[in-house]
Amino acid sequence: MRNFYYKFLCKLHFLAKLLLGKSKKSEYRFVNASSEDFCKSNEIKIDGAFLNENNLTEPAKVKKEKFFPIENIVELASNPHLKDSFQKGSSSKLSLGVSFKDAVSFWGKFIQSSVIPKGYKYSGLLYTGYISSTINKWCLPSWLWTNAAIVRLYCKKGEMEKAIELGEILKSKQLDCGGWIVRNDYNAKGPIPVLAPNDSAYVANNAFIQLYRATQNEEYLNIAIKCADWIMDTAREDGLVWTGYDFKNKKWLKDYTIVDTGFTAALFANLVDITNKPKYKLFLEKFTDQFINLFYDESQKAFCTSLSSKNKQVGGLFARGQAWALEGLIPTYKVLKTKRIENVIDDTISSILQKQSKDGGWSYNFSKPFLGQDCKGVAVIAKNLMDWNEIKPNDQIINSSKKALQWCANHTANKGEAQGGIFSFCMEGAVVHNFYTSTAFVYTSAYAIELYKSLEK
């Protein structure tokens, strides 16, 4: 019933956008380069279209290894032989709900099922999510950074062979500068391969710091250090980091800065703890201070979604953004122990607890609850709540996290290709290229397993 309510309101939202002229038609389409499209030499002929980050100006044969299996874009009306992955089709109703006893095995199954097939670009890494409702497809193979959450999970479970195997692929993708091209963004001119400091920090911290702590292999620590040094060299003058660098057009993306940059702090907090080098502590202090100054809304006791180019707060209160802020601030507090950071964490968590719905979930945007529940943030939020509970035990946090875990189990697909995915309807669609749908993200299942293990204690 709740999803029906959200869908009805989102249709009204979409109609309002149409009437206001704010709904723009895309100049490209996403296509699925499936196995049958390739000839024996594993090539496809592309004529005058974008392919991933490559702008093909003349007919060309492109090798299979240059394709993502799904996330490939071509201009409208070009290459009609390529299947359109995100064209609306017949609706498929998800069967949701698993028991606590079986939840972890279901979430693990979803992670295992998300591996990108052999032969394609990023083969061996994982898709980021699954689009349900009228699509029923895996999505976002270009989102490299989310794989780090899986490496961390494997390390914490002691599955080191899996952790090292995934870590080695991520290691091979690190650029000479120290960062990673973490995803493709898109505009009217095609795909933008983004070299992002914050998402690179996420990879360095959750994959390579975790691998170092588990194995004591100095190579993994040096990979994280190389990334951190690059971040410091390219940071904003005020101490924050830019949202990303457009690798195709060789320019920094400065129109906005997103709250997700908050988890950059976690990498530097861990490097302070491991190396005790003053330069990492100085950067951490400057970054965290300015992050709170600009993103934290004192009146709302929460973090805004993004900053404009003039550092104006915009976008309301993004639910998952609160978790990403905490993911940086909690490890920062462990090493800096400042009262200001402690107070901000306490107040933010208090707001999160107040905003939790009766069923245990959270709205996609605290400021716009009628746009649906956060399909991938519930486990991320609750896992961070439990991280703070280890420092400052709080029964409210434990009860909230239990409710969130129950929400995750209730929203887990129990059969089909997406079995183990944690789904809910939401208007958000920028990252899956299809607005107003149900999606599940692979890293959500990883966070849910960590949350489950944390509550077991």
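**Close-up views of a predicted model**

**View 1. Nonpolar cores.** Of the 151 residues in the largest nonpolar core, Trp107, Phe208 and Leu267 touch the most other members. A nonpolar core is a set of buried Ala, Val, Leu, Ile, Met, Phe, Trp, Tyr and Cys residues joined through side-chain atoms within 4.5 Å; buried denotes under 20% relative accessible area, exposed over 50%, and partly exposed in between (1.4 Å probe, protein chains only). A second, separate core of five residues includes Tyr28, Phe30, Phe50 and Ile73. The model is predicted: local features need pLDDT of at least 70 and side-chain atom pairs count only at pLDDT 80 or more, while totals for chains, interfaces and linings use all residues. Residues are numbered from 1 along each chain as its sequence is written, and side-chain values use heavy atoms, with hydrogens and water left out.

**View 2. Surroundings of Leu267.** Leaving aside neighbours within four places in sequence, Leu267 is in contact (heavy atoms within 4.5 Å) with Ala201, Ala204, Asn205, Ile209, Ala224, Cys227, Ala228 and Ile231.

**View 3. Helix α11, residues 378-391.** Helices are DSSP runs (H or I, at least four residues), numbered from the N terminus. Because 12 of its 14 residues are buried, α11 is largely enclosed by the rest of the structure. Among these buried residues are Lys383, Asp387 and Trp388. Their cover includes α3 (147-157), α9 (319-336), α10 (339-355), α12 (395-410) and α13 (442-456).

**View 4. Leu15 in helix α1 (residues 2-19).** At 47% relative accessibility, Leu15 counts as partly exposed.

How values were computed. Helices (H or I, at least four residues) and strands (E, at least two) are DSSP runs, numbered from the N terminus. The expected span of a helix is 1.5 Å times one less than its number of residues.
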